[in-house]
Amino acid sequence: MTATKPPHAPEDRRQRKARQTRDALATAACDLILERGSAATTVEAIAERADVTRRTFSRHFAGKEDAALDFVRRDGDRINALLRARPADEPPLLAYRRAVRDWLADREDPAWHVRPRMRRLVALADSEPDLFAAYQRIRVDAQEESIRIVARRLGTDEARDVRPAAVVDAAAGVLIAALRLWARGADRDSGAADLAALVERAYDALTSEAAAATPDSTTEEREAP
């Protein structure tokens with residue numbers, strides 16, 4: 001049994017305009033931070049580059065870091081939508097892995113990481129404190145939603161059962177580790193064709209190490225005093 005791609009609700013004219021404005025602000029923030037650095041980039045400069053007012057910026061974003069990293073929020077939302085759409089009988093860790101795979105394989109609406117210069121921005125987010133803090137906040141919000149989705153799949157309460165958080169933190173940690181290795185690659189302006197393969201190797205490493213770390217009850221009994 002396979003999952004279908006989550007359907008997108010049609011946008012009305014106002015929603016489409018709002019999304020276009022948000023995308024323009026996010027692009028301007030990315031461009032300016034990569035050109036000048038985070039400290040030298042102002043909200044006013046971002047608004048001017050996007051040809052909107054400072055007030056319009058504030059309707060969409062809390063700060064320049066949130067604007068520059070809006071692709072992280074969007075991709076987190078997309079992974080969660082794909083996770084919801086996975087078959088109900090699929091184990092949660094496998095469901096998360098396949099949701100990430102489908103996100104990276106989407107050619108109609110490519111993940112932001114595959115776009116030019118995103119690799120450089122991901123690397124910058126790992127080194128500039130304000131960007132790193134915003135990245136962590138956005139990532140945690142996405143993972144909290146993933147935990148709720150996994151808890152519903154398991155029919156359990158995430159506040160009492162450790163399994164949803166354990167699965168999501170492990171699965172998301174693998175993706176973060178792969179992204180960091182990818183972002184530190186030598187050719188930071190290249191596409192992300194290698195990212196999907198790196199993510200798959202990272203998940204293979206997790207499952208292999210998890211299997212190796214499973215206690216062998218026979219061995220434990222033999223070694224017990």
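Colleague: What share of the contacts with a separation of 6 or more comes from residues 24 or more positions apart?
Modeller: In the protein chain, 67% of them. Keep in mind that this is a predicted model.

Colleague: How many helices and strands does the chain have?
Modeller: There are 11 helices and zero strands. Read from the N terminus, the elements go α-α-α-α-α-α-α-α-α-α-α.

Colleague: And what percentage of the residues is buried?
Modeller: Of the 225 residues in the protein chain, 42% are buried.

Colleague: Let's look at H7. Is it mostly covered or mostly open?
Modeller: Mostly covered. H7 spans residues 118–125, and seven of its eight residues are buried.

Colleague: Which ones are they?
Modeller: Met-118, Arg-119, Leu-121, Val-122, Ala-123, Leu-124 and Ala-125 are the buried residues in H7.

Colleague: How does the lining of the largest cavity divide by class?
Modeller: It has 10 nonpolar, five polar and two charged residues.

Colleague: What's the volume of the second largest cavity?
Modeller: About 70 Å³. Its lining is made of Val-122, Ala-125, Asp-126, Phe-132, Tyr-135, Ile-176, Leu-179 and Arg-180. By class, that is six nonpolar, no polar and two charged residues.

Colleague: Which helix gives the most there?
Modeller: H9, with three residues. H7, H8 and H9 each supply at least two. Val-122 and Ala-125 in that lining are also among the buried residues of H7.

Colleague: Back to H5. Is Asp-75 buried or exposed?
Modeller: Asp-75 lies in H5. Its relative accessible area is 2%, so Asp-75 counts as buried.

Colleague: What does Asp-75 touch, beyond its neighbours within four places in sequence?
Modeller: Asp-75 is in contact with Trp-103, Ala-111, Trp-112 and His-113. With Trp-103 there is also a side-chain polar contact of 3.2 Å.

Colleague: Which residues does Arg-84 contact, leaving out neighbours within four places?
Modeller: Glu-145, Ile-149 and Arg-152. The side chains of Arg-84 and Glu-145 are joined by a polar contact of 2.8 Å.

Colleague: How far from Arg-84 is Arg-152, in sequence and in space?
Modeller: They are 68 residues apart in sequence. Their C-alpha atoms are 9.5 Å apart.

Colleague: Any reason those contact positions come at steps of three or four?
Modeller: In general, an α-helix has 3.6 residues a turn, so residues three or four places apart point the same way.

Colleague: Now the other end. Which helix holds Asp-31?
Modeller: Helix H1, residues 13–36. Asp-31 counts as buried because its relative accessible area is 18%, and the cut-off is under 20%.

Colleague: What does UniProt list for residues 42–61?
Modeller: An unreviewed UniProt entry gives that span as "DNA-binding region". In the model, residues 42–61 are 70% helix and 0% strand. The end C-alpha atoms lie 13 Å apart.

Colleague: Where does Asp-51 sit?
Modeller: In the loop between helix H2 (43–49) and helix H3 (54–60). Asp-51 has a relative accessibility of 70%, so it counts as exposed.

Colleague: What is its phi like?
Modeller: Phi of Asp-51 is near 60 degrees. That is a positive value in a residue other than glycine.

Key. Residues are numbered from 1 along each chain as its sequence is written. This is a predicted model: local features need pLDDT of at least 70, side-chain atom pairs count only at pLDDT 80 or more; totals for chains, interfaces and linings use all residues. Side-chain values use heavy atoms; hydrogens and water are left out. Contact means heavy atoms within 4.5 Å. A polar contact is a pair of N or O atoms within 3.5 Å; within protein, one must be able to donate a hydrogen and the other to accept it, and residues adjacent in sequence count only if both atoms are side-chain atoms. UniProt positions are given in the numbering used here, feature names are shortened, and annotations may be inferred rather than shown by experiment. Helices (H or I, at least four residues) and strands (E, at least two) are DSSP runs, numbered from the N terminus. Buried means under 20% relative accessible area, exposed over 50%, partly exposed in between (1.4 Å probe, protein chains only). Ala, Val, Leu, Ile, Met, Phe, Trp, Tyr, Cys and Pro count as nonpolar, Asp, Glu, Lys and Arg as charged, and the others, Gly among them, as polar. On a 1 Å grid over the protein atoms alone, a cavity is a set of points where a 1.4 Å probe fits but cannot get out, and a pocket is an open set with protein on both sides within 12 Å along at least five of seven lines; lining residues have an atom within 4 Å of a point. Grid points are joined across faces, edges and corners, and a volume is the space filled by probe spheres set on the points.
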